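Let's take a walk through this one together, starting with charged pairs and ending with a helix.

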Amino acid sequence: MSSTSNFEVRPATVRDAKAIAEIHVSASQAAFKALFPGEKAPAMAVDKSQAYWCDAIEFSEPQVFVALDAGQVVGFVGFDRSRDKGTPSTTGEIWAIFAATSHWGRGVGLALWDAAREGLLEEGCTKVTVWIPLGNERALHFHDLAGFKREMTSIKTVPVGAVKVEEIRLKRDLN
């Protein structure tokens, strides 16, 4: 993946929380509908998501960056140390990475990934992981192109609303 981008990426501010929440909810629902056609997407409240991201931004857990297109937030990434038990402190994790559906395939994810990678390197991380639903071909393809490798023994089942989703951990070196 090349790192040419027309998007400005900067640390998020509390004022960005509503836009982040709106992207989080709409992109999650679009991805869910692609994974489970005909299933009802679980209800996600923008205000609940906004409260979560507001706290995350305020307390830097995780660190949150936004991508801007003509001054408008069009994507975000949350990253920090890995939350997986037993991982070394030098392992980071992409907690969330989302682009507005209107900007899918336009390089927002790459710009956000580049910023997260730099941030994790500054924190002393040497590896990074991310959890992706197995059926989310768009996200799996993106991370494959970014150099992540699937850890086949990591597959776990998590509830998403009334549906059970299999997730897989992907990992890559940051060097």
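Is Arg81 buried, partly exposed or exposed? Arg81 counts as partly exposed, because its relative accessibility is 29% (buried is under 20% relative accessible area, exposed over 50%, partly exposed in between, with a 1.4 Å probe and protein chains only). Keep in mind that this is a predicted model, where local features need pLDDT of at least 70, side-chain atom pairs count only at pLDDT 80 or more, and totals for chains, interfaces and linings use all residues. Residues are numbered from 1 along each chain as its sequence is written, and side-chain values use heavy atoms, with hydrogens and water left out.

Arg81 has a partner: its side chain meets that of Glu123 in a salt bridge, at 4.0 Å from N to O (a side-chain nitrogen of Lys or Arg within 4 Å of a carboxyl oxygen of Asp or Glu). Glu123 is partly exposed too, at 40% relative accessibility.

Now look at Arg169. Its side chain forms a salt bridge with Asp84 at 3.0 Å, N to O. Asp84 sits in the loop between β3 and β4 and Arg169 in strand β7, so this pair ties together parts 85 residues apart in sequence (strands are DSSP runs of E, at least two residues, and helices runs of H or I, at least four, numbered from the N terminus). Arg169 also bridges to Glu151, with the closest N and O atoms 2.3 Å apart. Shared partners join Asp84, Glu151, Arg169 and Lys171 into one network.

Finally, find helix α1, residues 17-35. Its buried residues include Ile20, His24 and Phe32.

Key. Expected span 1.5 Å × (residues − 1).
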